[in-house]
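Hi,

Here is the structure I promised to pass on. Have a look at it first, and then read my notes below.

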Amino acid sequence: MKIFGNLSIKYKLLFGYLGVFIVFLTLGGLVIYPVVRQVIEANIESELNNTTKAILSMVRTATDVSIKNYLRAVAEKNLDVVESFYQIYQQGGMSETAAKEQAVAVLLSQRIGDTGYIYCLDSKGTIQVHPVAALLNADLSRYDFIQEQLQRKEGYIEYNWKNPGETEERPKALYMSYFKPWDWIISASSYRQEFNRLIRIDTFRDSILSLHFGKTGYPYILDSKGNVVVHPVLQGNVYEVKDSTGRQFVKEMVEKKIGKIIYTWRNPGEEEYRQKLVIFNYIPEFDWIVASSSYVEEFYEPLQRIRTTLFAIVIASVLFLLVLSYLYSSLIVKSFNALIQGFNKGSEGDFTVRLPETTTDEFGRLSIFFNKFMEKLRASNQSLQEQIQERHAVENELREVNRIQSLILDNSILGIGFVRNRIFEWVNPRLPAMLGLPFEKVRGAFSRIIYPSDEAFEAMGRKAYPALSQGKWFEFEIAM
């Protein structure tokens, strides 16, 4: 504080402005930077979540298309099979019953996936063909999906179903074609959990791998056993793979199935491990884990740019404020210095000094007041000088009168003396001679040398008072 107190006002203003500005910028940075970081992190996670959901939707859409096409191909192929046996019957090659039996045998000999099969029902909802014998001739028209089949007779349907002996319903899909001569709705059906056996990964692999996050981020798909389904580089099983810290992140993803994880990773050909952020989700019908990943450092590149930009803005602002503060403080100091110089000249007696009245701000008003003050001071000084000169003249005149008066009194033939408090303060040479005493003996002597008693002095005073009170001489005689 002592060092700061010794600085000139220009540098006090300069450092004061800079200090306050830097403090506010620092506080603003400490508040803004974490907020921006949180916003960026939220946007990153939101982007990865949205991408993961988009991949899920893409996979489901591709799966639905693949399943639909696959089941449609099976249903239409078997429609051709039934049609061919019907043609043989029409041509007399076999009886209608035999044709139906042969067609049923071909239909039931097929499997779709592990447990999928082909069944037929008539327009009343009665099962005509089914691998489970207990369901033959059963009326299933009470089920909603059967009602939809009866109305449409052709097309794709998804529904839930539980076979005899099973405890829970499972999602299922079918495609149906209608053979009118026998009133058969030929349906190719399979459980959705077996769809992964029915679809071709190649149909959507390129679409998934075309997605990118940052510069090198990418999506990938694993199953619950750690097998790579889709990945731009890896193949096979990665369940036991560890990062640079020994963390089995794939195992964690398989166990969680849905969530977020950060681990270190190094792609083939790279030299260093980098932190990677992964958002993953689960497709239960395929037992797939869909993940969107990118390196953390790439996510924070915008934040780094913001940090650099803020730093550049701070430096530019400080330099600008430095120049502005220096110019402004110099202007203030210049005005103060002019005022100081004016007072200094005034203190030396130069009351003609004036400040230029060039502005209308506070310094301009201060110049006006200073000039008015100096004008009044000049007038007062001139009046005082005139009074001093007049006093000197009066003193010279009085001194001359006193000189003449002294000549008169000293050369008077009368004895003259001035008494105050009964003491002779002044006497002329004649009075001591008249008293017959030395001059030194009379001047400063007590008046008793003339009036031995107080009564006589007081009596003389009563006679002398009227004349003395009017500024006149009082004369008296004494007997010697």
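**What I found**

Arg247 is partly exposed, with 29% relative accessible area; here buried means under 20%, exposed over 50% and partly exposed in between (1.4 Å probe, protein chains only). Its side chain meets that of Glu252 in a salt bridge, 2.9 Å from N to O. By salt bridge I mean a side-chain nitrogen of Lys or Arg within 4 Å of a carboxyl oxygen of Asp or Glu. Glu252 is partly exposed too, at 23% relative accessibility.

Before going on, a word on the source: this is a predicted model, where local features need pLDDT of at least 70 and side-chain atom pairs count only at pLDDT 80 or more, while totals for chains, interfaces and linings use all residues. Residues are numbered from 1 along each chain as its sequence is written, and side-chain values use heavy atoms, with hydrogens and water left out.

The structure holds 4 salt bridges. One of them joins Glu148 to Arg152, with the closest N and O atoms 2.8 Å apart. These two sit 4 residues apart in helix α4, so about one helical turn separates them. (Helices, H or I with at least four residues, and strands, E with at least two, are DSSP runs numbered from the N terminus.) Glu148 is partly exposed at 31%, and Arg152 is partly exposed at 37%.

Another salt bridge links Arg391 and Glu395, at 3.3 Å between the closest N and O atoms. Arg391 counts as exposed at 59% relative accessibility, whereas Glu395 is partly exposed at 31%.

Next, the surface. Phe311, Ile315, Leu319, Leu322, Val323, Tyr326 and Leu327 make up a nonpolar patch with about 680 Å² of accessible area together. Areas come from the Shrake-Rupley method with a 1.4 Å probe, and for residues only the protein chains shown count as cover. Patch members have over 30% relative accessible area and no salt bridge; nonpolar side chains (Val, Leu, Ile, Met, Phe, Trp, Tyr) are joined within 5 Å, like charges within 9 Å. Val323 belongs to helix α8 (residues 301–347) and is partly exposed at 49%.

Finally, which residue has a phi near 65°? That is Asn137, a non-glycine residue with a positive value, in the loop between β2 (127–129) and α4 (144–152). Asn137 is exposed, at 61% relative accessibility.

Cheers
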